[in-house]
Amino acid sequence: MGKKRKRSEKGEAAAVPKKDDVAPERPVRTLLGWKNKRESENENEIEVKNNGSSPIFRNKEKVLVTCSRRIVFRYRHLMLNIVSLLPHCKKDNKVESKETKGATLNELVELKNCSSCLFFECRKAKDLYLWMSKCPNGPSVKFLVSAVHTMEELKLTGNHLKGSRPLLTFSSNFEKDAHWKLLKEMLLQIFETPKDHRKAKPFHDHVFVFSIVDDHIWFRNYQISVPHNESDKLPRGGLDKMTLIEVGPRFCLNPIKIFGGSFGGPTLYENPFYVSPNQIRALQKKKKAGTFAKKVKAKTRRKRHEMANPLEPDEFADMWKD
């Protein structure tokens, strides 16, 4: 057999073309459609030249929502309702509500790559407390939650798209004091859905309403109802025919303390009008005990009166006896 002819190295190099190690550039998604990376970079450079500042701010807010162990089903349903309203939140397992819960929650927030935390803490299977914190540096707020009504419980007629971006409205009372301004900013950052979030829908069809009445924050969720008939088409900015239909849930937040750190730290504000539910129950028990004591005293007074003023013998008592 004849020997095989050897191929030269130069010939092999020429025969096998080199593959590009770099993958092709993927287009970037924007509000106006898909764009190449170079086009978006050129636009950013033009904006920086015009404004003299950095590129557009991107909101990367993520909220961790969790609760304590032994939480009541009603409060758990409220937490799930809030999870369904916030497409940028992450739900986690239950956490033991001990003294070291702050360190545990801060670690969980860091592991989940979040920037805020909503922690529902249930005590004595009766009282619900809500911790709202900006992690890891604070501030944080502790609320007492009352007047809770979940979506399943209310059965209201409103219905909005799940994952749509809400409009946030605040009453004018939030500009009154410094602590209300701080609470407004925290609520704004936590409940506002970031723009271009992957789970958010590009619609505004519901409103979160935060209003202050009697030093309590009342939360309501309304659907924006717009007529869709061709004859009733609304002009841009026409709000006369728009109506609000309540969706739920409802709850009331009573601020207890504002802390400088995350789940602790120096106290920035303490509510002077706050009364704990334990004190309220103790007062109610005392009131009931007082009514019972009044009844016992009335009975003893009646007996003493009867003993001091005996009745005269009735002369007709033995009239019909044989």
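## Buried and exposed

A residue is buried under 20% relative accessible area, exposed over 50%, and partly exposed in between (1.4 Å probe, protein chains only). Asp127 is buried, with a relative accessible area of 8%. Areas come from the Shrake-Rupley method with a 1.4 Å probe, and for residues only the protein chains shown count as cover.

This is a predicted model, where local features need pLDDT of at least 70, side-chain atom pairs count only at pLDDT 80 or more, and totals for chains, interfaces and linings use all residues. Residues are numbered from 1 along each chain as its sequence is written, and side-chain values use heavy atoms, with hydrogens and water left out.

## Salt bridges

Side chains of opposite charge can pair when their charged atoms come close. A salt bridge here is a side-chain nitrogen of Lys or Arg within 4 Å of a carboxyl oxygen of Asp or Glu. The structure holds 12 of them.

Asp127 takes part in one, with Arg281, and the closest N and O atoms are 3.0 Å apart. This pair links distant parts of the chain: Arg281 sits in helix α7, Asp127 in strand β6, 154 residues apart. Helices (H or I, at least four residues) and strands (E, at least two) are DSSP runs, numbered from the N terminus. Arg281 is partly exposed, at 22% relative accessible area.

Lys112 and Asp92 also meet through their side chains, at 3.4 Å from N to O. They too join distant parts of the chain, 20 residues apart. Lys112 is in the loop between α4 (101–111) and β5 (116–123), and Asp92 is in the loop between β4 (89–91) and α4. Lys112 is partly exposed at 30%. Asp92 is buried at 15%.

A further salt bridge joins Glu246 and Arg250, with the closest N and O atoms 2.7 Å apart. Glu246 counts as buried, at 14% relative accessibility. Arg250 is partly exposed, at 25%. Elsewhere, salt bridges that share partners tie Arg69, Arg70 and Glu96 into one network.

## The second largest pocket

Rolling a probe the size of a water molecule over the atoms shows where empty space is left. The search uses a 1 Å grid over the protein atoms alone. A pocket is an open set of points with protein on both sides within 12 Å along at least five of seven lines, whereas a cavity is a set where a 1.4 Å probe fits but cannot get out. Lining residues have an atom within 4 Å of a point. Points are joined across faces, edges and corners, and a volume is the space filled by probe spheres set on them.

The second largest pocket holds about 190 Å³ of space. It is lined by 15 residues, and Leu144, Ser146, Asn254, Val275 and Ile280 are the closest to its centre. Two or more lining residues come from each of β6 (127–134), β7 (140–149) and α7. β7 gives the most, with 3 residues. By class, the lining has 9 nonpolar, 4 polar and 2 charged residues. Ala, Val, Leu, Ile, Met, Phe, Trp, Tyr, Cys and Pro count as nonpolar; Asp, Glu, Lys and Arg count as charged; the others, Gly among them, are polar.

## Surface and interior

Phe316, Met319 and Trp320 make a nonpolar surface patch of about 450 Å². Patches are made of residues with over 30% relative accessible area and no salt bridge; like charges are joined within 9 Å, and nonpolar side chains (Val, Leu, Ile, Met, Phe, Trp, Tyr) within 5 Å. Met319 lies in the segment after α7 (277–308).

Phe273 is in the loop between β13 (264–270) and α7. Phe273 is exposed, at 64% relative accessibility. Ile190, in helix α6 (residues 178–191), is buried at 0%. Ile190 and Leu86 are 104 residues apart in sequence and 8.9 Å apart in space, C-alpha to C-alpha.

## Backbone exceptions

Most residues other than glycine have a negative phi, and most peptide bonds are trans. The bond from Cys135 to Pro136 is cis, with omega near 0 degrees. Pro136 lies in the loop between β6 and β7 and is exposed at 61%. The bond from Gly248 to Pro249 is also cis. Pro249 lies in the loop between β11 (243–246) and β12 (250–261).

Asp196 has a positive phi of about 60 degrees. Asp196 is in the loop between α6 and β9 (206–213), partly exposed at 41%. Asp215 has a positive phi of about 60 degrees as well. Its place is the loop between β9 and β10 (216–225), and Asp215 is partly exposed at 30%.
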